[in-house]
Amino acid sequence: MKCPFCGEEMTEGSLESGRYFIWKAEDERGKKQEYLLAKSYMGSVKIKGDICPYCRKLILDIPEVQT
Ligand SMILES: [Zn+2]
């Protein structure tokens, strides 16, 4: 896939973590929110994506979280 920022070819890979990936955000009123992006009961969490080494950007495919 081509990088939407610079147009160079991106490299496929995956981002790996422990048991959770959590995105922390804050809305306009300063209220903090957490979004569970991925979790694993056994082993580690892996999210596939593409990286651009030129812009240092990651584009990730966020899986459906099984609750
Ligand atoms: Zn780029």
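**Close-up views of a predicted model**

**View 1. Salt bridge between Lys32 and Glu26.** In this predicted model, Lys32 pairs with Glu26 in a salt bridge whose closest N and O atoms are 3.7 Å apart, the term denoting a side-chain nitrogen of Lys or Arg within 4 Å of a carboxyl oxygen of Asp or Glu. Lys32 is exposed at 66% relative accessibility, and Glu26 is exposed at 52% (buried means under 20% relative accessible area, exposed over 50%, partly exposed in between, with a 1.4 Å probe and protein chains only). Local features need pLDDT of at least 70 and side-chain atom pairs count only at pLDDT 80 or more, whereas totals for chains, interfaces and linings use all residues. Residues are numbered from 1 along each chain as its sequence is written, and side-chain values use heavy atoms, with hydrogens and water left out.

**View 2. Zinc site.** The protein donors of the zinc ion, lying 2.3 Å from it, are the SG atoms of Cys3, Cys6, Cys52 and Cys55 (donors are N, O and S atoms within 2.8 Å of the metal, or 3.2 Å for Na, K and Ca; water is not among the atoms, so sites may look incomplete). The angles among the four donor atoms run from 101 to 115°, and the site is tetrahedral, a label for four donors with all angles between 85 and 135 degrees. Cys3 lies in the segment before β1 (11-17) and Cys52 in strand β4 (residues 45-52), so the pair ties together parts 49 residues apart in sequence (strands are DSSP runs of E, at least two residues, numbered from the N terminus). Both Cys3 and Cys52 are buried.

Terms used. Four donors count as tetrahedral if all angles lie between 85 and 135 degrees; four count as square planar and six as octahedral if opposite donors are over 155 degrees apart and all others between 65 and 115; anything else is irregular. Helices (H or I, at least four residues) and strands (E, at least two) are DSSP runs, numbered from the N terminus.
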